[in-house]
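Here is a short tour of one protein model. Take a look at the sequence and the structure before reading on.

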Amino acid sequence: MKIFRGFHHPGIARACALTIGNFDGVHRGHQAMLALLNSEAAHRGVESCVLTFEPHPRDYFAGALHKPELAPARIGTLRDKLTELARCGVQQTVVLPFDARLAAQSPQAFIDEVLLQGLGARYVLVGDDFRFGAQRAGDYALLDATGQARGFDVARMNSYEVHGLRVSSSAVRQALGQGDMEAAARLLGRPYSISGHVVHGRKLGRELGATAEGAGDGFRTLNLRFSHWKPAASGIFAVRVHGLGETPLPGVANLGVRPSLDPDDVNGGRVLLETHCLQWPADLGAEGAYGKIVRVELLHKLHDELKYDGLDALTTGIAKDCADARAYFASAHAPTNHTETRRQTTRDRI
């Protein structure tokens, strides 16, 4: 999949079948829309293209109004969104910066300057609640009327339902916020996961619970930064880690801001996913994971983040979380560790 920031690039397709949206989570409704988009693109002999925005428009307006509570919780990072779009067969994604100019652009100017001049849209597929342009004044009727006048096709896809439940990013956020990872997986069509490069931290975990025989063999963690201040999920989870070998590894992870540590640590102020593998690969050594791209599936929530009174209490808490995660994987509730759903090599290219 080709990825462009903005549309002023020589390699961008001259004509495309296009869909527009934030695609946070790339859930089953998105997947159905993308399958239709790919079919229509093939029928017309043009590339399938997704136009998405970064930051999320509601993030932009929350910042402009100084009302952070208006920003939606983020399901996935941009990396994970692009990975899932590629997995769905999209040929080209354009990430358009959402800024003051775009926010003030009239609906007709958006069609003319972005969809037609910028992207060469021959076919435009939108959801049933699609609005666009300044003050969200543009709607399907305007888009369809312009398409008839300017010679491009417009289609609208109705809501996608699973067992009578409308699949939406809001529904996924709600499930993740409630810690219902099974419901989130049903809406997403896959376990909820976060991927990224393993970064350095304070290396405190390897000292916590270390044996007398060797410091550094305690609760070693893989640290991934979640590039948004408001993740849809948070807390302590039983997880499965992909990317450190042929076999996914069971683990326990903390997604959040680590309230038991001081705010001046190396990752202070950032949302971090810290994962302790219950079976650390011996061939990696203490430093072998840094810089690798891993994907962590959050399978079952154990509890919310807790603030512990000192490192001894933190060590005890982590040990209990590890025991609870092992019990989860030993239970009938844990998903079968079958050959996995997505190839890591696809993710490594993004």
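The report covers a cavity, one glutamine and some backbone features.

This is a predicted model, in which local features need pLDDT of at least 70 and side-chain atom pairs count only at pLDDT 80 or more, while totals for chains, interfaces and linings use all residues. Residues are numbered from 1 along each chain as its sequence is written, and side-chain values use heavy atoms, with hydrogens and water left out.

**A cavity**

Four cavities of 30 Å³ or more turn up in a search of the whole structure. A cavity here is a set of points on a 1 Å grid over the protein atoms alone where a 1.4 Å probe fits but cannot get out. The second largest cavity holds about 110 Å³ of space; a volume is the space filled by probe spheres set on the points. Its lining has 12 residues, each with an atom within 4 Å of a point. G25, D80, E84, R190 and S193 lie nearest the centre of this cavity. Helix 3 (residues 78-87) gives the largest share of the lining, three residues. Helices (H or I, at least four residues) and strands (E, at least two) are DSSP runs, numbered from the N terminus. By type, the lining of the second largest cavity has four nonpolar, three polar and five charged residues. Asp, Glu, Lys and Arg count as charged; Ala, Val, Leu, Ile, Met, Phe, Trp, Tyr, Cys and Pro as nonpolar; the others, Gly among them, as polar.

**Q31**

Q31 sits in helix 1 (residues 28-44). Which backbone oxygen does the side chain of Q31 reach? That of L188, at 2.8 Å. Setting aside neighbours within four places in sequence, Q31 is in contact (heavy atoms within 4.5 Å) with V26, R87, C88, L188 and R190.

**Backbone features**

The peptide bond from E54 to P55 is cis, with omega near 5°. P55 belongs to the loop between strand 3 (47-54) and helix 2 (57-64).

Two residues other than glycine have positive phi values. F23 lies in the loop between strand 2 (16-20) and helix 1. R136 lies in the loop between strand 5 (121-127) and helix 6 (140-150).

| Residue | Phi | Relative accessible area |
|---|---|---|
| F23 | near 55° | 3% |
| R136 | near 50° | 51% |

F23 counts as buried, whereas R136 is exposed. Buried means under 20% relative accessible area, exposed over 50%, and partly exposed in between (1.4 Å probe, protein chains only).

Key. 1 Å grid on protein atoms, 1.4 Å probe; cavity = no way out; pocket = protein on both sides within 12 Å on 5 of 7 lines; lining within 4 Å. Polar contact = N/O pair within 3.5 Å; in protein donor to acceptor, adjacent residues only side chain to side chain.
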